[in-house]
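This briefing concerns a structure of paired protein chains. Please read it with the sequence and the model side by side.

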Amino acid sequence: MKDPSRLYRWMLLWTSLVALGFLLAAAVRENLLAEWQQRQRAYRKLLAEKATDARGRELLRNFRIELRQVSVPALGAVDRCVSCHVGIDDPRMTDVPQPYRLHPVEILEHHPVDRYGCTICHQGQGAATNFHDAKAEDAYWDYPLLPRELTQATCMTCHDVSRLPPQDVTLVLEGMRLYEQKSCGSCHKLQGRGGALGPALDNEGLKTKHQLILTNLKPPYTTWRWHQAHFRDPAGIVPGSQMKNPTVTEREALALTAYMLSLRQRDVPESYLAPDKIAQKFRALSPQPQPAEQLYRMYCFACHGDGTYGRWEKTFQRFIPAIRGTLAATATREYLETQIAQGRPGTQMPPWHSQAGGLLPKEITALADYLRASPAARSARDLAARSRPVARGDAARGQMLFLRNCAGCHGVAGVGGVAPELANPVFLRAADDSFLATTIRNGRAATAMPAFQRPDGAGLSDAEIADIIAFLRSLESPSQQTAQAQDKSRAGGSQ
Amino acid sequence: MGTTATIPEKTSATQEFLDNLRQLPRNLKDAWFRLGRLPESEREESQATFHNLFLHLHSVRVHLRTLRPSLTLGLGLIATFSFLVLVITGLLLMIYYKPSTALAYQSMKDIHYVVATGRFIRNIHRWAAHIMVIAVFAHMARVFFTASYKKPREFNWLVGLGLLVLTLALSFTGYLLPYDQLAYWATTIGANIANSPRELTDALGITPYFDPGGFQKRLLLGANTVGEDSLIRFYVLHVFILPLLLVILLSVHFWRIRKDGGLARPEDPPGGLAEWGGKLHRVFEPLATKTYGLMAVVRGRRPPVNRGPEGTVMSWPHLLWAELAVLMLTIAVTLVLSFYIDAPLKEIANPAVPENPAKAPWYFLGLQELVSYSAFMGGLVIPTIAVLGLALIPFLDRRPGGEGLWFGTPGERTVAWQSLLFGLVCTVGLLAFTVNFGWLRNWFPEIHQLWIIAINPGSILVLLFAGWSLWTLKRKNSVRLAAVALFTCFLVGFVVLTYFATVHRGPNWQFYWWPSQWPVH
């Protein structure tokens, strides 16, 4: 009879051989063929080539192939980069290929490796012992190795960028300048100041790729590749994005990207912070008023442009008023202040008071004055004739006149359309009768709002204008609220 | 060996001491191995088995049917041995692992990059865990389809069920330990499944007064969200409590195999003819006047070697070879997988960045699919029904017959095939329907949640399977066949749902044909 365990003995033989083979293979692979070991063997050859004097021979003699790491508990870093980058502090290693080359000396002078490690500046996976994982571009690691030109972004972890030698942080500085020039603050907040349409950017540099929409980006997926592509074409990267295309060159997109990456609120022990960084943090606690012109450029320009022309904004499906033209000439400073501080609820115009857009009361006053001081406003001032008193009108008549003359642009019952919404509570509270009358009478230069009364008196009479104003005032009263809401939904439905 | 070195009467103690010292290696070897060489007679083979704590788990002789690879497929052994591998690699990992949210992830990285062969050891641990879960499920299916749960083995079936639950619990608790994104969100999903009674209590509006879901979740996590408390809880469960329970249950499981007369096999009629080794043999018929104890077999009056009339062979060496072969097979497969495929380790756990899709460990994905329809039904009711149903099988099907034979009852194979088809059509059909047409909430957005708890693809599947089983009961007039119908459907449903949720569910639990089509986040 056949031996009942014959099959099992053969099986045991073969499985044992396989197991033994793979155990041996694994032992060799894990213990002898690690990438860092191969790198260090190659480095030892370099050491041997350069061992021309006694010091060099001693270095060669003392060289051990072993795992090297910089442990910096204060920064939570255990960086093993030096296991392959063995020559970063050997001044002779200037003509050798990476990863053996000398690190730029002047940086290491101020940032000794044993105190700072590597990843605080370069990012990347410090724990890794092979280059693929250390670079971590397609590894499971939140902060992959930064490309060389973007490494300057991490300086801002500990430094105030304005106190660094400008030639070392050119990209970040250019990005900062562009941020202001492109008026990014109109929609984005930094340190509590800015618009509310886009996300706040205070910690943008520490976002991981998983917090971004990568669908339309081609791999490799990194935050900086995303930012660069996004600055070139926001809606192309984030479908449906309302972000205005900043129209930048490749280089400018890179600079903006560097600036974005420099926005990092990393908790670093105080002893690591440069004194200017600490001063910067203190300054942020009690912001000083900025000049109005700079404020306008930073927080208004993206939507209002230079304020001379009103325009139709396609993305918002809304009319954006010219705020430095006849409006500023007609309106009082208080009216403008209210508009800036309170915004226009229901539109893209956010409130800018200190709890919202973060502007100081002083700054808002300065901005209002700035608007009124524009050349267009000044030249229009003589048209204003604000002194003419407005008689008490009749709202019912005013409604008929409104429907005939105004509703085409401002919507039935003033809900807005091509032209701004007039039934807006903030607007009606802030706008006094003479402001409304002047505006209707003279129109708004450089916008679609025509003058409804010519200098010779043709067009609407003063009484008719008073009737319209009475009608507008009636929109404010609570009894009109429901009618308004119905109107609004009807207008919304018909669009 | 066997000869005792005689100590001469007239020697000094010094001489005796020196002699003993000289003979120390040999005596040590004798003390250690006792027999000192491989057993040669069956008597010695028997002694080798029952004089050894570990080997005496076996009976001295083993039936040839039991040795056939086709009966058990070695599944129970594979599960046991992968557990052994898990214990050994787990102890090694424990030396380096630090169960704290601040350190756990970094210690995983150290194991991966710095500990000598640490990555390989962790891979083995991961793969052995997968193999163990698969083997335990397959072993249960094997025991069911060979009707090996029948009297007197009902209790051992229950013990096995306990082992299944413990295995899943062990694997699940191990999932959190790396504290990466995968761990964090899989555990969050698991905790939400524990929280699932909330769906019912919320729908009834009684959660503020009676909240078993919240209690279960807090019991599991030690907090409201996954964090430090959960990690230490899972760690203690994973490295101490659950393995201890598993070892205890495993011992009972093996002990019961011995006490229940070895692995289930058809009874050879005493005195009749039975086929083994390709020939017909007369089956050993015990004399009515004689008591056959174990020692009677061992003491020389024993059946002839290798052609014993009762169809058995000596456990040493035959069963031992078989077990060693399965042990090495398990190890070899684990090693090969571990050599080529690394255990996953994602980014460090980040409560602010949810994984999308966040998926539970694969063996819970079938449940997660059901939970996506109704948390209460999928997370509590259906698993309870499944475990209870499995536990009741040996108590509802008590007619002997077919033990130890694959599909041993007449008509069983047909029913199994039909049920396979039925289960497949039902599960795939329901999934396809739900993907294409949605469910009650899509059609009646205002509907009360209680309706959805009651009527959802999960509960309908349970009803379909139960109906099919009852129909088989009536149609075939056999409890066993009804059980086969139900069990097959359960198995098919489990496999299909697990596969579906693994492969075809993407971000926001949307349907995708392949993971490569997922939008990148």
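The model is predicted; local features need pLDDT of at least 70, side-chain atom pairs count only at pLDDT 80 or more, and totals for chains, interfaces and linings use all residues. Residues are numbered from 1 along each chain as its sequence is written, chains are lettered from A and ligands numbered from 1 in the order in which they are written, and side-chain values use heavy atoms, with hydrogens and water left out.

**Interface between chain B and chain A**

- Contact, meaning heavy atoms within 4.5 Å, joins 42 residues of chain B to 40 residues of chain A.
- About 3600 Å² is buried between the two chains, with carbon and sulfur atoms giving 68%; buried area is the accessible area (1.4 Å probe) that two parts lose on being put together, summed over both.
- Y113(B), F339(B) and E347(B) account for 20% of the area that chain B buries against chain A, more than any other three residues.
- Between chain B and chain A there are 8 residue pairs in polar contact, both residues being at pLDDT 80 or more. A polar contact is a pair of N or O atoms within 3.5 Å; within protein, one must be able to donate a hydrogen and the other to accept it, and residues adjacent in sequence count only if both atoms are side-chain atoms.
- On the side of chain B that touches chain A, at least two residues each come from α4 (64–67), α7 (104–113), α8 and α15 (315–340) of chain B. Helices (H or I, at least four residues) and strands (E, at least two) are DSSP runs, numbered from the N terminus.
- The largest share of that side, 15 residues, is supplied by α15(B).
- By class, the side of chain B that touches chain A holds 28 nonpolar, 8 polar and 6 charged residues. Here Ala, Val, Leu, Ile, Met, Phe, Trp, Tyr, Cys and Pro count as nonpolar, Asp, Glu, Lys and Arg as charged, and the others, Gly among them, as polar.

**Salt bridges**

- R119(B) and E30(A) form a salt bridge through their side chains, at 2.9 Å from N to O. This pair runs from helix α8 of chain B to helix α1 (residues 6–31) of chain A.
- Both R119(B) and E30(A) are buried, where buried means under 20% relative accessible area, exposed over 50%, and partly exposed in between (1.4 Å probe, protein chains only).
- R29(A), E30(A), R119(B) and D342(B) are linked in a network of salt bridges.
- The side chains of R80(A) and D110(B) also meet in a salt bridge, at 2.6 Å from N to O. R80(A) is buried, with a relative accessible area of 3%.
- Within chain B, R37(B) forms a salt bridge with E44(B), the closest N and O atoms being 3.1 Å apart. R37(B) is partly exposed at 41% relative accessibility, whereas E44(B) is buried at 16%.

**Nonpolar cores**

- A nonpolar core is a set of buried Ala, Val, Leu, Ile, Met, Phe, Trp, Tyr and Cys residues joined through side-chain atoms within 4.5 Å.
- The largest core has 115 residues, and those touching the most other members are M140(B), F144(B), W157(B), Y179(B), L246(B), Y363(B) and F487(B).
- Helix α8 (residues 118–145) of chain B gives the most to this core, with 15 residues.
- A second, separate core of 72 residues includes Y179(A), A341(A), L401(A) and L460(A).
- Leaving aside residues up to four places away in sequence, Y363(B) touches V133(B), F137(B), L168(B), S171(B), F172(B), Y175(B) and F494(B).

**Two individual residues**

- T207(B) lies in the loop between α11 (197–204) and α12 (212–221) of chain B and is buried at 13% relative accessibility.
- The side chain of T207(B) makes a polar contact with that of T201(B) at 3.1 Å.
- P519(B) is in the segment after α22 (479–503) of chain B and is partly exposed at 29% relative accessibility.
- Not counting residues up to four places away in sequence, P519(B) touches T215(A), P507(B) and Y512(B).

Key
Salt bridge = Lys/Arg side-chain N within 4 Å of Asp/Glu carboxyl O.
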